[in-house]
Amino acid sequence: MRIFDPHIHMTSRTTDDYERMYEAGVRALVEPAFWLGQPRTSVGSFVDYFDGLVGWEPFRAAQFGIRHHCTMALNPKEANDPRCRPVLELLPRYLEKDGVVAVGEVGYDSMTPEEDEVFAQQLALALEHDLPVLVHTPHRDKAEGTRRSLDVVRESGLPPERVVLDHLNEVTVKMVAESGCWMGFSIYPDTKMDEDRMVAILREYGTERMLVNSAADWGRSDPLKTRRTGDAMLAAGFTEDDVDRVLWRNPVEFYGQSGRLTLDAPLDPGTLFEGNSVLRGTPA
Ligand SMILES: [Zn+2]
């Protein structure tokens with residue numbers, strides 16, 4: 001089974017995770033820019049984080065045979081903090097970089113006027129830089145947040161096929177399916193969505209425009225949830241081709257719209273940077 005995790009925060013994960021992911025079939029991933037779990041207090045904090053997402057982290061992933069890409073944005077939560085607002089001026093520079101395959105995560109957290117403004121501005125940036133967009137849907141009041149997100153996307157002039165609405169569930173999937181946008185699902189150990197519910201949604205809505213991710217981060221999460229969903233699909237009677245479509249070809253098609261995916265030569269873990277201890281990341 002070949003797997004592309006379209007949403008996972010590897011900066012918060014260990015090398016053990018990279019090894020287990022490779023073993024499970026993960027060969028590529030996208031790491032969306034998001035918050036730290038606590039507030040950032042200056043723009044410099046974003047600069048270092050963004051540099052890591054296009055520098056150190058892809059390099060770290062490559063050592064374990066995994067292609068790393070990222071998305072860049074001012075996340076919805078920090079859109080409310082005036083100290084973080086100048087990040088919007090930094091973004092155009094990062095949106096030009098190789099390995100940046102979308103604008104995201106954007107969208108709503110608490111649905112404030114500040115979030116409205118930052119969301120719309122970043123959709124305009126996506127249009128300007130010709131990039132797809134990853135939209136986070138809020139955890140509270142998800143249905144209303146999703147409806148409003150779809151309105152903002154419609155107003156932006158972005159074609160729906162260039163937008164994914166993520167963290168969907170049984171309540172929100174229908175309106176996104178009808179919008180023409182892509183549908184993203186985060187499979188978690190004990191909240192939101194699990195692999196069996198995911199299989200039921202795939203039965204009802206089919207495999208087209210469907211993205212399944214682990215959204216693993218610094219909270220309780222599981223970077224192998226993509227694989228577990230693939231296994232659950234097979235157990236439920238989906239074919240290997242269906243699984244390949246959902247776990248590989250769909251994310252390739254969606255993020256491929258950036259023109260920046262690098263999936264050509266397969267990586268061979270361990271041998272890639274042999275003989276160069278600096279590149280191998282050996283601590284100085
Ligand atoms: Zn996330």
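**Exercise 1. Describe how α4 packs on α5.**

Leu88, Leu91, Pro92 and Leu95 in α4 meet Val118, Gln121, Leu125 and His129 in α5. Here two residues are in contact if their C-beta atoms, placed from the backbone, lie within 7 Å. Helices (H or I, at least four residues) and strands (E, at least two) are DSSP runs, numbered from the N terminus.

This is a predicted model: local features need pLDDT of at least 70, side-chain atom pairs count only at pLDDT 80 or more, and totals for chains, interfaces and linings use all residues. Residues are numbered from 1 along each chain as its sequence is written.

*Step 1: geometry.* Two packed helices are described by the angle between their axes and the distance between the axes. The axes of α4 and α5 (residues 113-129) come within 11 Å and cross at roughly 25°. Axes are lines fitted to C-alpha atoms, for helices over the stretch in contact, and angles run from 0 to 180 degrees between N-to-C directions.

*Step 2: class.* α4 and α5 are therefore roughly parallel to each other. Angles under 35 degrees count as roughly parallel, over 145 as roughly antiparallel, 65 to 115 as roughly perpendicular and the rest as oblique.

*Step 3: hand.* α4 passes α5 in a right-handed crossing. Right-handed means that the near helix is turned clockwise from the far one by less than a right angle; anticlockwise is left-handed.

**Exercise 2. Is Glu78 buried or exposed? Place Glu78 in the chain.**

*Step 1: position.* Glu78 sits in the loop between β3 (67-72) and α4 (87-95).

*Step 2: burial.* Glu78 is buried, because 23 other C-beta atoms lie within 10 Å. The cut-offs are 20 or more such atoms for buried, 12 or fewer for exposed, and partly exposed in between; C-beta atoms are placed from the backbone.

*Step 3: neighbours.* Leave out residues up to four places away in sequence, and Glu78 touches Trp35, Arg40 and Cys84.

**Exercise 3. Examine the backbone at His167, Ala215 and Glu105.**

*Step 1: His167.* His167 is not a glycine, but has a positive phi of about 60°. His167 lies in the loop between β6 (163-166) and α7 (173-179). His167 is buried, with 24 other C-beta atoms within 10 Å.

*Step 2: Ala215.* Phi of Ala215 is positive too, near 45°. Ala215 belongs to the loop between β8 and α9. Ala215 is buried, with 27 other C-beta atoms within 10 Å.

*Step 3: Glu105.* The peptide bond from Gly104 to Glu105 is cis, with omega near -10°. Glu105 is part of strand β4 (residues 100-107).
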